[in-house]
Amino acid sequence: MKAYSLGLYEKAMPSDLSWEEKLLAAKDAGFDYVELSIDATEDKIERIYMPKAERLEMIRTMYETELPIRTMCVSALTKYALGSEDAALCARGMEILEKSVELAEDLGIRVVMIPGYDVYYEPSTLETKHRFLENLKKGVQIAEKAGVILGLETMENDFMNTVEKAMKYVVLCGSNYLKVYPDIGNLTNAAVRYQSDVLEDLELGRSNITSLHLKETKPDVYREVPYGTGHVNFEAAIAKTWEMGVRRYVTEFWYKGNEAWKDDLTKAYQMMSEILDRQ
């Protein structure tokens, strides 16, 4: 049996596939689980209001395909930011977070990843930072009750682009149900920007890292960089996090209309599993 689990970000596959088709495609490529997306589009947000019968059907599909959904990415909290000055946006964000945790509890999802933004589409201020922390603490209480872990993703802006910055909020919340879910691509860009050591930054999250997003980046380019064309040292990052006890990893990349998208899944799995198999 493998000593690790390697997951696949849902958006690496065409959005019009059924859940059965997505899970089977991930399984055929070799992956161990899928990371579900709750992004800012209304059709994805609608998932958090899924009827019980539909939730049961998803569980049945996981069992029938023998491939589970085990993490969730709630990027909708970029638009509906927890620190927003707009009370309506902030309230929607809290509802999305609460309902996402409830969905995770029902589906057996272990980790709900939330983006490390106090705000995104408005200026970050002391007020937005305080509001983010206040609402994050509320979200943590929801997660504690459900037994679901929240993972703060390291993003691309100054608010939370390092593990060190994410750990500030882990300490301030003081809960076993709030951890860090770093994005190694974003961390690598931050290390270049600050002339710092990305492996030292990862060390600051020891015992508090749930999983690692394996995403390729280039300086100041954070999305849609094909594996092997950027500057992320996946070998070093995986070796470091493995030594720290991390055993769950997710390949994060996007389907952009490529007809050979299944080949992209297989190549991503092979690239990362070869590194993980050497640990």
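Biologist: Are α5 and α6 roughly parallel or oblique to each other?
Modeller: This is a predicted model. Helix α5 covers residues 126-146 and helix α6 covers residues 163-173; their axes come within 10 Å and cross at roughly 60°. Roughly parallel would need an angle under 35 degrees. That angle therefore makes α5 and α6 oblique.

Biologist: Which residues of α6 meet α5?
Modeller: Start on the α5 side. It brings K129, F132, L133, L136, K137 and V140. Their partners in α6 are Y169, L172 and C173.

Biologist: How many residues in the contact of α5 with α6 are nonpolar?
Modeller: The contact of α5 with α6 has two charged residues and no polar ones. The nonpolar residues number seven.

Biologist: At what angle do α3 and α4 pack?
Modeller: Helix α4 takes in residues 87-107, and its axis lies 10 Å from that of α3. α3 passes α4 in a right-handed crossing. The angle is about 45°.

Biologist: Which residues of α4 meet α3?
Modeller: On the α3 side, K52, R55, M58, I59 and M62 take part. They meet four residues of α4: E102, L103, D106 and L107.

Biologist: How many charged residues does the contact of α3 with α4 hold?
Modeller: Five residues of the contact of α3 with α4 are nonpolar. None is polar. The charged ones number four.

Biologist: How far apart in helical turns are R60 and E57?
Modeller: Their side chains meet in a salt bridge, N to O at 2.7 Å. Both sit in helix α3, residues 52-65, three residues apart. The separation is therefore about one helical turn.

Biologist: How many salt bridges does the structure hold?
Modeller: R60 and E57 make a salt bridge. Counting needs a cut-off: a Lys or Arg side-chain nitrogen within 4 Å of an Asp or Glu carboxyl oxygen. The total for the structure is 20.

Biologist: Are α4 and α5 roughly parallel or oblique to each other?
Modeller: The axes of α4 and α5 are 10 Å apart, at an angle of about 20°. Angles under 35 degrees count as roughly parallel. α4 and α5 are therefore roughly parallel.

Biologist: Which residues of α5 contact α4?
Modeller: The α4 side supplies C90, M94, L97, E98, V101 and E105. The contact of α4 with α5 divides into seven nonpolar, two polar and four charged residues. From α5 come R131, N135, K138, G139, I142, A143 and A146.

Biologist: Which are the edge strands of the open sheet of eight strands?
Modeller: The order of the sheet is β6-β5-β4-β3-β2-β1-β8-β7, with parallel pairing. Neighbouring strands are turned by 30° against each other on average, direction ignored. An edge strand pairs on one side only. The edge strands are β6 (178-181) and β7 (212-214).

Biologist: Which residue in β2 stands opposite G7?
Modeller: Strand β1 (residues 5-9) pairs with strand β2 (residues 33-37) in the parallel sense, over three bridges. The residue opposite G7 is Y33.

Biologist: At what angle does α9 run to β7?
Modeller: Helix α9 (residues 234-243) lies across β7 and β8 (248-251). Its angle to β7 is about 165°.

Terms used:
Residues numbered from 1 in each chain as written. Predicted model: local features only at pLDDT ≥ 70, side-chain atom pairs only at ≥ 80, totals over all residues. Heavy atoms only, no water. Pairing = 2+ DSSP bridges. Helix = DSSP H or I, 4+ residues; strand = E, 2+ residues; numbered from the N terminus. Axes fitted to C-alpha atoms, helices over the stretch in contact; angles between N-to-C directions. Contact = heavy atoms within 4.5 Å. Parallel < 35°, antiparallel > 145°, perpendicular 65-115°, else oblique. Nonpolar A, V, L, I, M, F, W, Y, C, P; charged D, E, K, R; others polar. Left-handed = near helix turned anticlockwise from the far one by under 90°.
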